[in-house]
Amino acid sequence: MREPSAKDIDKIEILEKCFDYLCDYGLEQVSIRKLCDRTNMGAGSIYYWFKNKDEVILDATEYGINHLIDELMDFAFEHIDNIDILCEEFPKMIEQRIDKLKVIIRVATSPMYCDSLNLYSKTFTYKYDSYARKLSQRINLPYNTIRVLVDNFVSVTIDCIIWEDWGKYKRQLEYVLEGLKLATIKKEKEENESQNKPTWFTTGTDL
């Protein structure tokens with residue numbers, strides 16, 4: 001059976017296979033030979049897309065981060081109106097993906113790769129900004145308020161990925177989402193008070 005040429009295969013498909021391989025074998029076991037076996041590609045085709053093994057690891061990790069961010073944030077966005085479901089189900093999603101998330105943390109904290117991976121940080125920041133703006137429009141809260149909550153949401157999730165303290169994570173998640181609920185209540189109260197102000201107060205008319 002002829003191996004597919006580099007031009008026959010979409011790079012996203014290759015990155016997906018490379019990331020899965022990275023998660024299965026870990027950083028220490030990565031080799032071009034094993035990667036060729038996993039992707040059913042020859043070494044020449046691998047080198048068509050990547051300069052070396054390190055670039056495979058970095059590009060595959062970037063793909064993994066983007067893919068998982070989209071999956072997790074889309075779920076959070078879909079269930080943001082039901083905090084109880086979000087607090088119950090989101091940790092399960094993290095646990096199901098914990099091995100892949102741990103690989104990302106290992107690459108991001110590796111002395112060999114952390115500086116290079118930081119070059120992709122603008123992409124991740126843009127994603128968080130995008131979700132924060134979408135959420136801001138959906139629940140009618142200021143972007144700056146939502147952006148802080150998104151940062152906290154990500155921070156407690158990373159802490160859970162590292163330590164796998166699920167009880168602590170659920171409490172932290174509830175705390176962060178409670179902040180969202182309180183901000184929403186405050187916003188609604190301010191809007192109601194504004195609507196109920198007497199005409200003389202809003203127009204500056206003297207008594």
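Six aromatic pairs are present in the structure, where rings of Phe, Tyr and Trp (its six-membered ring) are paired if their centres lie within 6.5 Å, and where planes under 30 degrees apart count as stacked, over 60 as edge-to-face and the rest as tilted. One of these is the edge-to-face pair of tryptophan 166 and tyrosine 169, with 6.5 Å from centre to centre and 75 degrees between the planes. The two residues are three apart in helix α10 (residues 166-195), so about one helical turn separates tryptophan 166 from tyrosine 169. Helices (H or I, at least four residues) and strands (E, at least two) are DSSP runs, numbered from the N terminus. Tryptophan 166 counts as partly exposed because its relative accessibility is 23%, whereas tyrosine 169, at 1%, counts as buried. In these terms buried means under 20% relative accessible area, exposed over 50%, and partly exposed in between (1.4 Å probe, protein chains only). Ring pairs also join Phe75, Phe90 and Phe153 into a cluster.

The model is predicted: local features need pLDDT of at least 70, side-chain atom pairs count only at pLDDT 80 or more, and totals for chains, interfaces and linings use all residues. Residues are numbered from 1 along each chain as its sequence is written, and side-chain values use heavy atoms, with hydrogens and water left out.

Two arginines are placed over aromatic rings. A charge sits over a ring if NZ of Lys or CZ of Arg is within 6 Å of the ring centre and within 35 degrees of the ring normal. Arginine 133 lies over the face of tyrosine 143, at 4.0 Å from the ring centre. For arginine 138, the ring is that of phenylalanine 77, and the distance to the ring centre is 4.9 Å.

A cavity is a set of points where a 1.4 Å probe fits but cannot get out, and a pocket is an open set with protein on both sides within 12 Å along at least five of seven lines; lining residues have an atom within 4 Å of a point. Grid points are joined across faces, edges and corners, and a volume is the space filled by probe spheres set on the points.

The largest pocket has a volume of about 600 Å³. Its lining comprises 25 residues, and Ile65, Ile69, Tyr128, Val154 and Ile158 are those nearest the pocket centre. At least two lining residues come from each of α4 (53-78), α6 (98-109), α7 (114-118), α8 (121-139) and α9 (143-163). The greatest contribution to this lining is made by α9, with seven residues. By class, the pocket lining contains 19 nonpolar, five polar and one charged residues; Ala, Val, Leu, Ile, Met, Phe, Trp, Tyr, Cys and Pro count as nonpolar, Asp, Glu, Lys and Arg as charged, and the others, Gly among them, as polar.

One cavity of 30 Å³ or more was found. The largest cavity has a volume of about 200 Å³. It is lined by 14 residues, of which Ala76, Ile80, Leu135, Val150 and Phe153 lie nearest its centre. Helices α4, α8, α9 and α10 each provide at least two residues of the cavity lining, and the largest share, four residues, belongs to α9. The cavity lining consists of 14 nonpolar residues, with no polar and no charged ones.

The count of disulfides is zero, a disulfide being a pair of cysteine sulfur atoms within 2.5 Å. The sulfur of cysteine 36 is 9.4 Å from the closest cysteine sulfur, that of cysteine 18, and is therefore too far for a bond. Cysteine 114 is likewise in no disulfide, with the nearest cysteine sulfur, in cysteine 23, 19 Å away. Cysteine 36 counts as buried, at 11% relative accessibility.

Most residues other than glycine have a negative phi. Asparagine 140, in the loop between α8 and α9, has a positive phi near 60 degrees; at 44% relative accessibility, asparagine 140 counts as partly exposed. Glutamate 164 also has a positive phi, of about 55 degrees, and is located in the loop between α9 and α10. With a relative accessibility of 37%, glutamate 164 counts as partly exposed.

Glycine 64 lies in helix α4 and counts as buried, at 1% relative accessibility.
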